[in-house]
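Hello,

Please find the structure below. My notes on what was found in it follow.

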Amino acid sequence: MITCMKRSIAKLIRPRLGKAVTGISVFLLALPACAQQFVPQLLPQPMKIEMKKGEYLRLRHPLDSTLATDLRSSLDPSLPQEGYVIDVTAGGISVRSHDASGLRHARTTLCQLAAGGRLPLCHIEDAPRYAWRGCMIDVSRHFFPVSFLKKQVDILSRYKINILQLHLTDAGGWRIQIRRYPELTRKAAWRTESDWGRWWDSGKDRQYMSEGAPGAYGGYYTQAELRELVAYAAGKGITVVPEIEMPGHSNEVTAACPGLKCEGNQGAQGDVCPSNEETYRFYCDVLREVMDIFPSHYIHIGGDEAGKEAWRKCPRCIHLAGQLRLASTDDLQGFLIQRMAAFLKLFGREAIGWDEVLTDKLVRSEPSLGTNMNVMVWRDGKAAREAMLRGHNVILTPGEYYLDRYQDDPRFVPKAFGGYLSLEGLWKYAPGKLALPDSLQSGQTGHILGVQGNLWTEQITTPDYAEYMLYPRELAIAERGWSGDRLTYPQLKASILAQAGWMKANHVNAFDLKSARGDRKETLGPVTHLARQARVTYNSRYADKYAAGGDGSLTDGILGGWSNNDGRWQGFMQRGDRKKQPLDIVVDLGKVTPLHSITMEMMQFDSPWIFFPNTFRISLSDDGAAWREVYRKEQPREHLEKVSVRPWQWKGKDRGRYIHIEAGCDNPGEWIFTDEIIVK
Ligand SMILES: [Zn+2]
């Protein structure tokens, strides 16, 4: 579970912009002053729209995003990239656009605007904020058919998303036919269990299966299917960006091609050996075929979460690290990523890597090679700023905003992988407000290429469920990517609700935003109780990354929500010494006080190892010296499918000034999360 846990813990703790922006500002200056209207049926919202109330153009033919019916179009290179201007008058529709994409966007806007065979008379001027407006689907953890991907292209293109990234390779299964290495799909595109979680948790018994074996779960895309998908998406204005993960998350690669493992390693290995020339031959061959299928300028080469353990014992890795004068074998990742990025550059392509590529010392010391590395930022804003300072372009896909999180009260929706991310929570992510280093603002170094919604599919077993998680949240990404920070949340919600009819008519299994229950209602207002503002002494500290409000957090009256990293839950980790309780605190009420109940809410969330305590104890004291235990609860570990919050509570009649609370877990590395000590 190490890999997944790391991903979740880390996360849970997890346009050529220069040009486009310049274009937009020039464009804005050229506009006559006119009132900006908000039109809910348009998503994303155009930059400028003026509608003539009550006046319509009756359409002779139904509008279609590809037909030029009723439409006069011309190219206008003075407009920004992808930009367009629409005039709907009594005499017809005219569109000026910078390029073919602009014309396509104009048609999409008109389709959204048309109702009952007519169009309101209007003038629209529009261009995107970011050149990269993406959606990533992980097709490795669970496999989704091409028909599903084409349907997503149809949906995404309606909202001016222009990138579909496919996470094609990972431990869950290799999903792309490679002619040079047929064993990849023959041996590692199939596995014994359809449910990724059950399969992954089976540890040493985890097995891949051969293609065609009875009961095998999995699949892969043939090159012909992928070419067809690429062409289909291109017709709808979407570039398919392939991701071939390396050197980590590669259990399936080393299972199919054991020669790529470290020297002397007989067991399973999640990372390929970065010190073997065969590894480089392999990836160059694979990438040649990948580039042949995908015309995308950008090729994603992963680079995240390599465990690097086998490298430390591999004589070949130790030797190469010494030769390269690296501080440790861990730094060989930089060597591999550099070589692969340089290889792609030979073909005029550019590499994208997850932001761990920034830790590579070689990338750090060789900016000339490093500059064609684009960084997909998933950890935090700090990584984004660091990447840009070093001259890399970034695509923002922060882990906190991954679409595999619960979008509503976990008790009422299917099991998800991550914490809680409502549409409103997602809308809080405003890349335009990312604090940039001063040197960046002068435009010297890297750029924000754009934003992307990532759908990891550990828990997402079916196409229907994938759509349920994608929509409507991906529409918020589309809005951010296109219009930037222009809309308020109520406006966004209104325009998303206005899409529900289209979604339903087109059989999209979107989450019903109208029915959303939202975050825990307990979190809406502060709780009043006797220990509010009381001083808390920590005999063992909370973890810095889960500090919530710091030392006053457990008596501030503020309760946590469905997400363990919403800044309201305080986290305590069980260390190796089991006698030392990870949660060990004393609350001072200031004076001896009559007591009727003491309650602590606890969270359990199995995937990042957050558990209800196995032992829990409350003691009282009048003077802080003589203690008497009033409550003790021992509880064996219970496996829970979903995020759960439950109270640990003493009720009775007693008195005291000091309250001592201890809670512990059975195993090192496990976490206890609590939000408040409620004393009544
Ligand atoms: Zn090695």
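Predicted model: local features only at pLDDT ≥ 70, side-chain atom pairs only at ≥ 80, totals over all residues.

Subject of the notes: loops, barrel and core

Gln 533 counts as exposed because it has 9 C-beta neighbours inside 10 Å. The cut-offs are these: a residue is buried if 20 or more other C-beta atoms lie within 10 Å of its own, exposed if 12 or fewer, and partly exposed in between, with C-beta atoms placed from the backbone. Gln 533 sits in the loop between helix H21 (500–505) and strand E19 (535–540). Helices (H or I, at least four residues) and strands (E, at least two) are DSSP runs, numbered from the N terminus.

Residues are numbered from 1 along each chain as its sequence is written.

Barrel

Eight strands form a closed barrel, in the order E6-E7-E13-E14-E15-E16-E17-E18, with parallel pairing. Neighbouring strands of this sheet are turned by 30° against each other on average, direction ignored. (Axes are lines fitted to C-alpha atoms, for helices over the stretch in contact, and angles run from 0 to 180 degrees between N-to-C directions.) Two strands pair if DSSP finds at least two bridges between them.

Which residues of E16 point one way, and which the other? Met 373, Val 375 and Val 377 point one way, Asn 374 and Met 376 the other, and all are buried. In a regular strand the side chains alternate between the two faces of the sheet. Strand E16 (residues 373–377) has 5 of its 5 residues buried, so it is largely enclosed by the rest of the structure.

On one side, strand E15 (residues 350–354) is joined to E16 by 4 bridges, and the two run parallel. Trp 354 has Met 376 in E16 as its bridge partner. E16 also pairs with E17 in the parallel sense, over 3 bridges, and there the bridge partner of Met 376 is Ile 395. Strand E17 (residues 394–396) in turn pairs with strand E18 (residues 448–455), parallel and over 3 bridges. Ile 395 stands opposite Gly 450 in E18.

E16, helix H15 (residues 381–389) and E17 make a right-handed β-α-β unit. Right-handed here means that, with the strands pointing away from the viewer, the path from the first strand over the helix to the second runs clockwise.

Core

The largest nonpolar core has 176 residues, of which Ile 86, Leu 164, Met 340, Val 377, Val 394 and Ile 677 touch the most other members. Strand E21 (residues 583–604) gives the most to this core, with 8 residues. A nonpolar core is a set of buried Ala, Val, Leu, Ile, Met, Phe, Trp, Tyr and Cys residues joined through C-beta atoms within 7 Å.

Leaving aside neighbours within four places in sequence, the contacts of Val 377 include Asp 355, Ala 383, Ala 387, Val 394, Ile 395 and Pro 398. Contact means that the two C-beta atoms, placed from the backbone, lie within 7 Å.

Helix H20

In helix H20 (residues 489–497) the buried residues are Leu 492, Lys 493, Ser 495 and Ile 496. They are on the same side of H20, because they cover an arc of only 165° around the axis; the arc is that of the directions from the helix axis to the C-beta atoms. Helix H16 (423–427) and helix H19 (473–483) are among what covers them.

Backbone exceptions

Most residues other than glycine have a negative phi, and most peptide bonds are trans. The bond from Met 246 to Pro 247 is cis, with omega near -15°, and Pro 247 is in the loop between strand E13 (239–246) and helix H8 (251–256). The bond from Tyr 471 to Pro 472 is also cis, with omega near 10°.

Glu 305 has a positive phi, near 50°, and lies in the loop between strand E14 (298–302) and helix H10 (309–313). It is buried, with 21 other C-beta atoms within 10 Å. Lys 308, in the loop between E14 and H10, has phi near 65° and is partly exposed, with 19 other C-beta atoms within 10 Å.

Regards
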